[in-house]
Amino acid sequence: MTQTAIRHRVGTAKSEDGQETRTVLAVALRKPLLWQVVICGAVLAIWQWGPSIPGIRRGIVWADPFFISSPERCANEIGRLVVGTANTPAIWAPLGRTVFAALGGTAAAVLLGGIFGLLCSHWELLNQISRPLLTLLNAIPKITVIPIIVLIAASSAVSDSIVAFIIVFFVIFYNACEGGSSVPKEMLQLASLLGARSASIMLKIRGPFVLVWTLSQIPNAIAFGLTGTVTAELFTGSNGIGGILIAAINTQDADLTFAVVFILAAVGVVLVLGLDMVRRRVLHWW
């Protein structure tokens, strides 16, 4: 083989290797997970080392670990909250209280909101009577109702669940009502012609539509329920997660504040993913 042929073969091999590398890189850049990791890593890096840039704290007053903590300090605080120490009690009991109240209020809201939405979508008179009243109640800022609930039910898990129920109920009700109203008129007319009674039409024809539209809001419902529960706890200073946040704010403990936020975010993601799996399992036929 001549020297020219050898150089040509080597060059061809290098070209093929380069093309393969570019192909692999192009495929990797189309992966959402890669971009998510890169973005999260960049945010954490800026958060960790950004405040140490010379002059950054003079231009941005809050860019100080005293106010925004840091990933390393948050991780240490989360570790202390998980295992518990002499100065930091474990977070499991307050977290369980908050999650239990949120799940209880959300479950009741999903059940009653779905049922009432089904009834209103089926009986026009009931819809005309109740829809303006519910719209008026929904227009009231929920945060202004919390003190009233606390006065009635005191500072307890019951009051936290009631707040979660009120917030989630309207979300579920409107969605369920729209789902029941979305049934094609031809389907309803055909059922009537075949002799179906009103109750059968409501349960067997409108019911599946309401179920689908209701369950589609389950991930949002648990997120709203958790938010409402923590907000109620912030008002009452109870033994839940809201009470820990109040203590962290009063002591200006940024590490504890951010650690609790991250723990709540993790719990929220787990609940949303878990309920979304349940929703997909229930609606596998749709």
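**Salt bridges and burial**

Me: How many salt bridges does the structure hold?

Reply: The structure holds five salt bridges. The term requires a side-chain nitrogen of Lys or Arg within 4 Å of a carboxyl oxygen of Asp or Glu. This is a predicted model, in which local features need pLDDT of at least 70 and side-chain atom pairs count only at pLDDT 80 or more, while totals for chains, interfaces and linings use all residues. Residues are numbered from 1 along each chain as its sequence is written, and side-chain values use heavy atoms, with hydrogens and water left out.

Me: What makes arginine 80 and glutamate 77 a salt bridge?

Reply: Their side chains meet at 2.6 Å, N to O, and the definition asks for such atoms within 4 Å; the pair therefore qualifies. Both residues belong to helix H5 (residues 71-83), where being three residues apart separates them by about one helical turn. Helices here are DSSP runs of H or I with at least four residues, numbered from the N terminus.

Me: Why is glutamate 77 called buried?

Reply: Buried means under 20% relative accessible area, exposed over 50%, and partly exposed in between, with a 1.4 Å probe and protein chains only. Glutamate 77 has 7% relative accessibility, so it counts as buried.

Me: Which residue forms a salt bridge with aspartate 160?

Reply: Arginine 97 does, with the closest N and O atoms 2.8 Å apart. Aspartate 160 lies in helix H9 (residues 157-181) and arginine 97 in helix H6 (residues 92-122), so the pair ties together parts that are 63 residues apart in sequence. Aspartate 160 counts as buried at 1% relative accessibility, and arginine 97 counts as buried at 19%.

Me: How do you know that glutamate 178 and arginine 131 form a salt bridge?

Reply: The closest N and O atoms of this pair are 4.0 Å apart. The pair links distant parts of the chain, with glutamate 178 in helix H9 and arginine 131 in helix H7 (residues 124-139), 47 residues apart. Glutamate 178 is partly exposed at 41%, and arginine 131 is partly exposed at 22%. Elsewhere, salt bridges that share partners join Arg97, Asp160 and Glu233 into one network.

Me: How many disulfides does a search of the whole structure find?

Reply: The search finds zero, a disulfide being a pair of cysteine sulfur atoms within 2.5 Å. Cysteine 40 is partly exposed at 47%, whereas cysteine 74 is buried at 3%.

Definitions and conventions:
Helix = DSSP H or I, 4+ residues; strand = E, 2+ residues; numbered from the N terminus.
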